[in-house]
Amino acid sequence: MAKLYKDNPLSALYTYSYATFLLAQGDTTNGYKMLQKATTLNDGSKYLFDLAELRLKMKNVSDFYDISKSAFANQEIDFYQKYSRLLKYTDGSVLNGRNTHNQKFVQESINKCFEMYPEQEELYNFYAHYLILEKRDTVNSIDYFKKFFGMTSGDPDDWLMFLRILEFGTEDYKNYSEIAYDYYPDDPFIGINYVWDLTYSKEFTKAYEPCKTLYDRALDNFMIDSDTKGFYSTVLESMAEIYHELDSLDQCFECYDRLLEKDEYNTMALNNFSYYLSLVDRDLDKAEKMIRTAVNLEPNNPVFLDTYAWILFRKKLYTDAKFIMDMAMEKLKGVELEEDRSVYYEHYGDILYHCGYPDDALKNWKKAQEYDEENEILNKKVSENEYFE
């Protein structure tokens, strides 16, 4: 190696190679001199980052900052060398990210790259991830993700990170979840995010096809383990809800049966399945058994208690239904629910009426009416102070 260098003293490559040889031999002093010389030769500026990192290893932090800054500003060093350094300097392998001087240096380096390479899509993706993972800056991270996806389709992991920080249910989420699905219709996680958004927007007919695709794939996966069970259950539960909203009850109940074969203690599935059965007076003994399991697993959940009380009501076990519904209404105090509370007050009123408390029933029907003024049956109960199906 020494001979090659002596034969080619003006070659940046051979000088650099000789420097790395000396450094590997433990000769830091002469290795540094050779590396420093390599950076001054023709085409040697690309070794500036190596020189900077050597100075860092030699505990000369000031030199590291100065040399690195000049490297980031150097037009002869290509973007990908600089980009690889940004990745390296933010992953904790070289610099301590908690150090405020390092943070300032990294930010200045990122700014310089944006100034010099505004069309490099990788830079926007990198910075979006950096902002959310290192800075916890969701707002600006979203902005840079949007710029990135305006330049390229990205990949599924990029989209999932982006969707994770967008506010679910917003117009932004709706638009971008559909764009992501258009790009990657075969990615299961992109797909289920799209289905969630459509069902949240009550676009059940539109949600059917993407969810049915996921459903068929889930059923093909006969080996359900701890890693796949959650996703399997999510898909089948989503499919069941879509079938229910489309009035395809047999298919809905089939989905829940299949789900609970693999995930027998899924409390939300147990609750929803048993409640849907009660609405059509079907398999009420089975429904009661399922909701008891859910209540045993989550005894303080007012939603599950309400379902349990309603199934008992449908079985004409009014005293038992009141006992459970009393607990549900007590648990409901101080609890924030995603949906309004009309159904709980109406159920309570129905139960109280059948237990011989018409005045208390009316009070609860009126309370339910505050949340659901257009419910014709409820309005009739209030106006005539009588129970109607």
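1. Phe 114 is buried, at a relative accessible area of 14% (buried is under 20%, exposed over 50% and partly exposed in between, with a 1.4 Å probe and protein chains only). Tyr 124 counts as buried too, at 12% relative accessibility. A word on the basis: this is a predicted model, where local features need pLDDT of at least 70, side-chain atom pairs count only at pLDDT 80 or more, and totals for chains, interfaces and linings use all residues. Residues are numbered from 1 along each chain as its sequence is written, and side-chain values use heavy atoms, leaving out hydrogens and water.

2. How are the rings of Phe 114 and Tyr 124 arranged as an aromatic pair? They sit edge-to-face, 4.9 Å centre to centre and with 65 degrees between the planes (rings of Phe, Tyr and Trp, the last by its six-membered ring, pair if their centres lie within 6.5 Å; planes under 30 degrees apart are stacked, over 60 edge-to-face, the rest tilted). Phe 114 belongs to helix H7 (residues 100–116) and Tyr 124 to helix H8 (residues 121–134), so the pair ties together parts ten residues apart in sequence. Helices here are DSSP runs of H or I with at least four residues, numbered from the N terminus.

3. Ring pairs also link both residues into a cluster, whose members include Phe 79, Tyr 80, Tyr 83, Phe 114, Tyr 124 and Tyr 144. Across the whole structure, a search finds 43 aromatic pairs.

4. Now to helix packing. The axes of H18 (residues 302–314) and H19 (residues 318–332) come within 8 Å and cross at roughly 165 degrees (axes are lines fitted to C-alpha atoms over the stretch in contact, with angles from 0 to 180 degrees between N-to-C directions). H18 and H19 are therefore roughly antiparallel, a label for angles over 145 degrees. Among the residues making the contact are Leu 305, Tyr 308 and Leu 312 of H18 and Ile 324, Met 325 and Ala 328 of H19, where contact means heavy atoms within 4.5 Å.

5. The axes of H10 (residues 156–165) and H12 (residues 188–200) come within 9 Å and cross at roughly 35 degrees. Their contact is made by Pro 156, Trp 159, Leu 160 and Leu 163 of H10 with Phe 189, Ile 190 and Asn 193 of H12.

6. Two loop residues deserve a look. Asp 247, in the loop between H14 and H15, has a positive phi near 60 degrees and is exposed at 67%. Asp 283, between H16 and H17, has a positive phi of about 45 degrees and is partly exposed at 45%.

Key:
Angles under 35 degrees count as roughly parallel, over 145 as roughly antiparallel, 65 to 115 as roughly perpendicular and the rest as oblique.
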